[in-house]
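This report walks through a structure for someone meeting it for the first time. Please look over the sequence and the model before reading on.

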Amino acid sequence: MNRQTVIAQALDLLDEVGLDAISTRQLARRLGVEQPSLYWHFRNKKELLGAMAEAAMAPHAEAPLPAPGQDWREWFRDNTRSFRHTLLMRRDGARLHSGSSPGPADLDRIAHKMAFLTASGLPEKDAQMAMMAAGRFTVGSVLEEQADTDPGTADHQAAFEAGLALILDGLAHRAEHARQPAGTHVGGGEL
């Protein structure tokens with residue numbers, strides 16, 4: 001039994017019973033070991049959940065990074081959709097991800113994404129806030145979708161796409177505003 005096996009089995013257990021019902025006792029039984037054996041790989045349940053969250057996000061973490069010259073709107077949209085898709089791949093995926101912290105590899109990817117957005121002409125602070133807003137919006141959307149006991153009553157995909165469009169429109173507006181020379185008048189008002 002190695003760390004990767006424990007994480008894989010824990011994620012399978014998550015898909016079967018949900019986040020509230022998962023326990024180290026169940027996981028140990030599933031692996032055919034005594035519960036204290038798990039502490040060889042994880043000091044506590046919180047550490048195990050963190051490793052599970054990181055592994056669950058692997059599909060998004062392996063998505064292509066933006067390339068120079070790529071349209072920032074298209075990339076932002078695709079990146080946010082990839083994040084949503086990855087959260088939906090696991091039962092309670094959004095809850096598992098909530099509160100997790102990015103690791104060193106994640107921080108490098110975030111820095112690359114931010115550099116791409118600023119090189120595309122977006123003000124750094126606006127790009128940073130938009131990435132944070134899109135992330136939180138996506139987690140919240142998926143939380144609602146995964147909690148929906150009657151999925152036929154709401155079109156979660158359409159609601160997500162509408163919200164994402166609003167975030168993109170707002171960011172594009174802010175970027176355009178930042179590119180306007182001081183004192184430029186548009187429609188009778190100063191920008």
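## Salt bridges

A salt bridge is a side-chain nitrogen of Lys or Arg within 4 Å of a carboxyl oxygen of Asp or Glu. The model examined here is a predicted one. A search of the whole structure turns up eleven salt bridges. One of them joins arginine 90 to aspartate 15, with the closest N and O atoms 2.6 Å apart. That pair ties together distant parts of the chain. Arginine 90 sits in the loop between α6 (72–88) and α7 (93–97), and aspartate 15 belongs to helix α1 (residues 3–17). The two are 75 residues apart. Aspartate 15 has a relative accessible area of 29%, so it is partly exposed.

Arginine 81 is partly exposed, at 35% relative accessibility. Arginine 43 and glutamate 47 also meet through their side chains, at 2.8 Å from N to O. Arginine 43 is exposed, with a relative accessible area of 69%. Glutamate 47 is partly exposed, at 23%.

## Aromatic pairs

How many aromatic pairs does a search of the whole structure find? The search gives three. In one, tryptophan 75 and phenylalanine 76 are set edge-to-face. Their centres are 6.4 Å apart, and there is 80° between the planes. Tryptophan 75 is buried, with a relative accessible area of 3%. Phenylalanine 76 is buried too, at 1% relative accessibility.

The rings of phenylalanine 137 and phenylalanine 160 are arranged in another way. Their centres are 5.5 Å apart and their planes are at 10°, so this pair is stacked. Phenylalanine 137 is in helix α9 and phenylalanine 160 in helix α10, 23 residues apart, and the pair links distant parts of the chain. Phenylalanine 137 is partly exposed, with a relative accessible area of 24%. Phenylalanine 160 is buried, at 1% relative accessibility. Ring pairs also link Trp75, Phe76 and Phe116 into a cluster.

## Around phenylalanine 160

Phenylalanine 160 has a charged partner as well. The charged end of arginine 84 sits over its ring, 5.0 Å from the centre.

Threonine 138 also touches phenylalanine 160. This threonine is in helix α9 (residues 124–147). Is threonine 138 buried or exposed? It is buried, because its relative accessible area is 0% and the cut-off for buried is under 20%. Leaving out residues up to four places away in sequence, threonine 138 touches Thr80, Phe83, Arg84, Leu87 and Phe160.

## Helix α2

Which residues of helix α2 (residues 24–31) are buried? They are Thr24, Leu27, Ala28 and Leu31. Seen down the axis of α2, these residues fall within an arc of 100°, so they line one face of the helix. They pack against α1, α3 (35–38) and α4 (45–56).

The other side of α2 has Arg25 and Arg29, which are exposed. Just after the helix comes glycine 32, with a positive phi of about 75°.

## Arginine 73 and alanine 172

Arginine 73 is in helix α6. At 33% relative accessibility, arginine 73 is partly exposed. Setting aside neighbours within four places in sequence, arginine 73 is in contact with Leu168 and Ala172. Arginine 73 and alanine 172 are 99 residues apart along the chain. Their C-alpha atoms are separated by 8.1 Å.

Note on methods:
Residues numbered from 1 in each chain as written. Predicted model: local features only at pLDDT ≥ 70, side-chain atom pairs only at ≥ 80, totals over all residues. Heavy atoms only, no water. Helix = DSSP H or I, 4+ residues; strand = E, 2+ residues; numbered from the N terminus. Buried < 20%, exposed > 50% of the residue type's maximum accessible area, 1.4 Å probe, protein only. Contact = heavy atoms within 4.5 Å. Phe/Tyr/Trp six-rings, centres within 6.5 Å; stacked < 30°, edge-to-face > 60°. Lys NZ or Arg CZ within 6 Å of the ring centre and 35° of its normal. Arc of directions from axis to C-beta.
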